[in-house]
Amino acid sequence: MHVTICNHEYCVLGAGPAGLQMGYFLSRSQRDYIILERNTGPGSFFQIYPRHRKLISINKIYTGRRNKEFNLRHDWNSLLSDRPSLLFQRISRELYPNADDFPRYLSTFVKELGLKVKYGADIGTIKASDFNGNQGYILTDQNGVSYQCSVLLVSTGLWVPQQVDFLGSDLVEGYESIPTDPEEFKDQAVLILGKGNSAFETAQSILGRASRIHLYSPSPVRLAWQTHYVGDLRAINNELLDTYQLKSLDGLVEGRLEDIAIGKEQLYLTLTELLDQNGNNISKITGQNLPGFHTDNFSLRQPYDRVIRCLGFRFNFSIFDGSARPPQSSGARGRLPGITAWYEGRGTPNMFVLGTAAHSRDYRMSAGGFVHGFRYTVRAVHKILEQRYHNIAWPATKLPISQLQSWILRRVNEASGPYQMFGVLGDIILLRGSYCEYLEEFPLQALPQLSALSGRPLTDQGLLVLVMQYGLNRTDTLGPGRAESEWTKAWRSNFLHPVLYYYNTLPTEKDMRQRPVGWPLPRPEALHHMVEDFLTEWDQPISHSQPLRRFLEHCLQTDLRAFYAESCFLLSLTSRTPPLFCRQGYLRKQGIVGNSHLWQHAREAGLMADHQRDITPGDDTSVSEYLKHAGAAVVSTMNFDL
């Protein structure tokens with residue numbers, strides 16, 4: 001029997017959004033890869049789910065900005081690429097698009113970028129194998145074709161329905177198979193197990209037809225606008241909260257799913273502790289087995305016509321041989337694979353987990369389980385792959401220290417990666433004396449392994465870490481006092497805002513384990529919160545720029561004020577050590593000249609480059625325009641000479 005074996009450096013399992021995103025980065029780096037997809041097209045999950053065909057991912061096209069990076073903060077569906085037009089808005093302009101549009105977008109993404117996808121390859125087994133002393137993987141499909149790869153990138157998502165075993169669970173309908181025609185629920189009493197978005201989506205679709213709808217699960221409902229976690233209940237699905245609170249026959253109840261039983265003749269919900277201990281034959285439930293017999297105002301004492309399970313999905317561990325199977329995660333009820341801080345499977349070297357399946361790293365904390373989050377974690381993993389397997393260091397921007405503040409302000413005002421993956425991805429600033437190296441969107445929990453993962457060594461100058469994070473103060477998110485506007489109390493900010501951590505040395509694994517509860521990083525030598533801003537525009541001179549400058553000066557022990565050319569000229573004559581801004585700018589024939597006369601004089605004296613002739617200002621040109629063209633450290637009309 002002839003066995004077909006295909007060899008690749010990288011195998012990407014799954015052509016969903018995470019797999020295609022990684023495929024783009026591998027293609028751009030000209031790596032040997034193949035994307036294996038069991039279905040006939042990309043994004044097959046979205047051809048079925050959500051069942052009622054309305055995505056809850058924001059597609060905000062109009063932001064008032066033309067900055068493409070900023071606009072990705074409000075585009076939750078597009079993948080990253082070097083083609084400005086390859087955005088989801090080409091397919092749909094709806095704020096909450098139809099789910100059918102997403103596979104169409106992914107197909108366009110594959111076609112226009114020429115990604116290498118093999119459809120119809122249903123991988124049944126994955127086992128580890130030794131390749132030249134390193135662990136690799138062999139994947140076998142339904143036709144017996146084997147794919148050997150040095151690195152396996154698992155992006156299969158979550159698609160196996162989560163179930164709970166209890167007496168009568170076989171009488172329950174699944175979210176994956178329920179009818180979507182509301183008329184089929186006309187005048188029926190419906191019990192839904194679960195209180196997530198799939199449960200509320202289902203309830204909302206039948207709200208005008210069912211006689212009553214009850215949602216049952218162990219935990220109270222969690223609202224996304226309260227928790228800031230996009231996986232919690234979104235407002236687009238929460239109409240039942242109105243009918244519950246306004247007493248229109250619908251409601252929410254808490255209880256353990258393992259403790260219930262469903263009767264067969266009529267769908268009564270009861271408790272296992274009330275069943276006969278002799279046989280547990282639920283077809284013979286009598287009145288004495290019902291909670292209402294013991295407590296006459298038991299919430300769920302009336303029978304139901306249908307019981308529907310809406311408990312979400314879990315990772316498919318079954319295709320992995322024992323030699324290649326990652327462990328179950330400690331969180332998320334074990335539904336996800338356990339992975340390291342750099343997204344490599346625990347105990348499965350050279351196997352990385354991408355996309356929704358990697359959400360165990362930030363479950364219920366950030367957006368890593370969703371397209372607008374994991375498109376950035378996939379990019380971070382690709383940078384790690386480039387360093388580990390190809391000795392290409394993490395990309396870094398070399399900046400004079402005098403320009404660090406302006407770079408930080410630019411990032412906090414437009415960068416989409418740290419904004420979407422708040423508390424998970426952060427910018428690392430390696431201090432090198434008179435200059436620094438700026439690394440974007442590094443996985444924060446992997447900070448102790450920074451040098452190994454990035455290829456960037458640390459010096460004794462220390463480092464800064466820029467993170468976007470929500471406050472830890474629990475407040476009424478719609479009540480008075482919900483936001484902080486005073487910059488002197490920035491540490492009390494509740495909404496998303498930038499935070500800078502300064503470390504003399506790299507935190508250790510022990511430091512990470514012992515960090516304060518709710519903190520993304522250990523306690524630093526110095527900490528700076530930039531006060532939250534209603535417009536998410538951290539560009540005001542008094543509230544944002546000046547406190548940031550003073551924090552950086554404290555950490556760097558350096559004067560970072562920006563000066564006009566004439567001020568630098570005077571300071572150069574009167575001081576042995578002019579300010580850093582003058583040393584790195586004006587004294588190197590750069591700088592900011594205050595009026596056309598001085599500009600002309602400086603150019604004739606050879607202090608200004610000829611290419612700046614075309615931006616010679618008039619006397620009435622604003623200072624901010626000078627600063628913009630000169631790349632100054634502080635974009636402001638404040639007089640920083642004072």
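Where in the chain is the place of Arg364? Arg364 sits in the loop between strand 16 (351-353) and helix 8 (371-390); helices (H or I, at least four residues) and strands (E, at least two) are DSSP runs, numbered from the N terminus.

A word on the model: it is predicted, local features need pLDDT of at least 70, side-chain atom pairs count only at pLDDT 80 or more, and totals for chains, interfaces and linings use all residues. Residues are numbered from 1 along each chain as its sequence is written, and side-chain values use heavy atoms, with hydrogens and water left out.

**Backbone**

Most residues other than glycine have a negative phi, and most peptide bonds are trans.

| Residue | Phi | Relative accessible area |
|---|---|---|
| Arg364 | near 65° | 27% |
| Gln557 | near 55° | 66% |

Arg364 counts as partly exposed, while Gln557 is exposed; buried means under 20% relative accessible area, exposed over 50%, and partly exposed in between (1.4 Å probe, protein chains only). Gln557 belongs to the loop between helix 13 and helix 14. Elsewhere, Tyr49 and Pro50 are joined by a cis peptide bond with omega of about -10°, and Pro50 is in the loop between strand 2 (33-37) and helix 2 (68-71).

**Helix 14**

Leu573 lies in helix 14 (residues 565-574). Leu573 is exposed, at a relative accessible area of 61%.
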